[in-house]
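Here is a walk through one model, feature by feature. Keep the viewer open as you read.

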Amino acid sequence: MRSKTLALFAAGVGVSLAMTACGANQETPSGGSGQQTSAAPAGGIKVGVILPETATSARWEGFDKPMLEAAMKAEGLAPDIQNAQGDVQKFTTLADGMISQGVKVLVIAAINSEVGSAVAAKAKARGIPTIDYDRLNLGGSSEYYVSFDNVKVGELQGQGLATALKDKPGAQVIEIEGAPTDNNATLFHEGQQKVLKPLYDSGALKLVRSQPIDGWDNQKGGATFEQILTGNGGKVDGVVAANDGLAGAVITVLRKNGLNGKVPVTGQDATPDGLMAVLRGDQYMTVFKPIKDEAEGAAKLAAALAKGDKAAADKIAGQSSEDPKGSRTVKSLLLEPKLTTKDGVKEVVTQGYVKASDICGGDLAAVCAQLGIS
């Protein structure tokens, strides 16, 4: 099923589209200072972590990096956390450096499956276990995978849109999906279709077009959406946007056409900009993924592997994920995501993922006060 879905989804990459300027739903991570690398602290067992980029999502430096660092130090590890900034060659170079420095475990959130699989193979040849973090590398060799239930993420997006459009039979939907090279994007799409395809088939909803966006590029996502919208006579009733960054780009186009707040848009990651869009009513929902839980799970798994305790590692990763390209089953720790609409924003703040001061200023002060967000 997933193999078929992957083939169909990848085949959806369409004609090259002209790019127009549009806003991207991004923030400058509070943990960022222009320096995107961190040296491994003295003491503890060396573990290498490579994150993919910062251009399309604020989560990697704003959430994952500090949370991974804290969780790993708590497990007695000495993490060296680096960011490849979307550069495949840099990702490889960082991995080579960590392997040569003798890290005991390598945790990789790869830019794509090809580079992730190549890095995992190099580490395996040196006897270093690898953990695929957040993204499963198809055709790879990592024995372990830590992420959220990404099919469930897509189901929540589909459920959110279906709920928002339940009183509008025949509503026209545009889908702006993630990168076809990212297995997560394939799984999100699979989950969305579990909910939405029966509605398309019955005529309850009408799919205008579904388009993957190379590299999760927000600017390209906005340009693509604008072209589809124009080609459909400026008509759209709902938008599946695979994450908050793409949602922000879509909302910029909707605003230009006087449609923001009238057309429900989905999202994912509960970024500050995404949460503000939800509070304004421009974005119907996001998916809250407690990254702290993901980071702590990866840290516990890395600690077990670093100590050579495979039984403990297998117990932590007690679930499984299928790699259709590699025809293998990967031991996994899959965490539960949560659909978040306006009424759920307070929980994200209460759990410490976003500060009230980051999202409640200006025009949103009254809304936050009404929802008890402080």
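Which cysteine does a disulfide join to cysteine 360? The partner is cysteine 368, with an S to S distance of 2.0 Å.

## Ground rules

This is a predicted model, so to speak of local features pLDDT has to be at least 70, and side-chain atom pairs count only at pLDDT 80 or more, while totals for chains, interfaces and linings use all residues. Residues are numbered from 1 along each chain as its sequence is written, and side-chain values use heavy atoms, with hydrogens and water left out.

## The disulfide

A disulfide is a covalent bond between the sulfur atoms of two cysteines. Here the call is made on a pair of cysteine sulfur atoms within 2.5 Å, and the structure holds one such link. The angle about the S-S bond is -85 degrees, making the link of cysteine 360 and cysteine 368 left-handed. Both cysteine 360 and cysteine 368 are buried (under 20% relative accessible area; exposed is over 50% and partly exposed in between, with a 1.4 Å probe and protein chains only).

Helices and strands here are DSSP runs numbered from the N terminus (H or I of at least four residues for helices, E of at least two for strands). Three strands make an open sheet in the order 7-6-8, with parallel pairing; two strands pair if DSSP finds at least two bridges between them. Strand 7 (205–212) and strand 8 (238–241) sit at the edges with a single partner strand each, so one side of each has no neighbour in the sheet. On average, neighbouring strands of this sheet are turned by 15 degrees against each other, direction ignored.

Strand 6 (residues 171–177) is joined to strand 8 by four bridges, and the two run parallel. Glutamate 175 is the residue standing opposite valine 240 in strand 8. Helix 6 (residues 183–202) lies across strand 6, strand 7 and strand 8, at about 165 degrees to strand 6. Such angles run from 0 to 180 degrees between N-to-C directions, with axes fitted to C-alpha atoms, for helices over the stretch in contact.

Proline 264 is in the loop between helix 8 (244–256) and helix 9 (272–280). It counts as buried because its relative accessibility is 12%. Leave out residues up to four places away in sequence, and proline 264 touches Leu161, Ala164, Leu165, Asp237, Gly238, Val239 and Tyr284 (contact means heavy atoms within 4.5 Å). Leucine 165 is 99 residues apart from proline 264 along the chain, yet their C-alpha atoms are separated by 7.9 Å.

Glutamine 85 has a positive phi of about 50 degrees despite not being a glycine; look for it in the loop between strand 2 (77–83) and helix 3 (88–100). Glutamine 85 is partly exposed, at 32% relative accessible area. Aspartate 134, also not a glycine, has a positive phi of about 70 degrees. Aspartate 134 is in the loop between strand 4 (130–133) and strand 5 (144–148) and counts as buried, at 3% relative accessibility.

## Nonpolar cores

A nonpolar core is a set of buried Ala, Val, Leu, Ile, Met, Phe, Trp, Tyr and Cys residues joined through side-chain atoms within 4.5 Å. The largest one has 51 residues, and Leu68, Met72, Ile131 and Tyr133 have the most contacts inside it. Helix 10 (residues 291–306) gives the most to this core, with 10 residues.

Not counting residues up to four places away in sequence, methionine 72 touches Val47, Val49, Leu77, Pro79, Val107, Ala299 and Ala302. A second, separate core of 28 residues includes Val153, Ile174, Leu246 and Val253.
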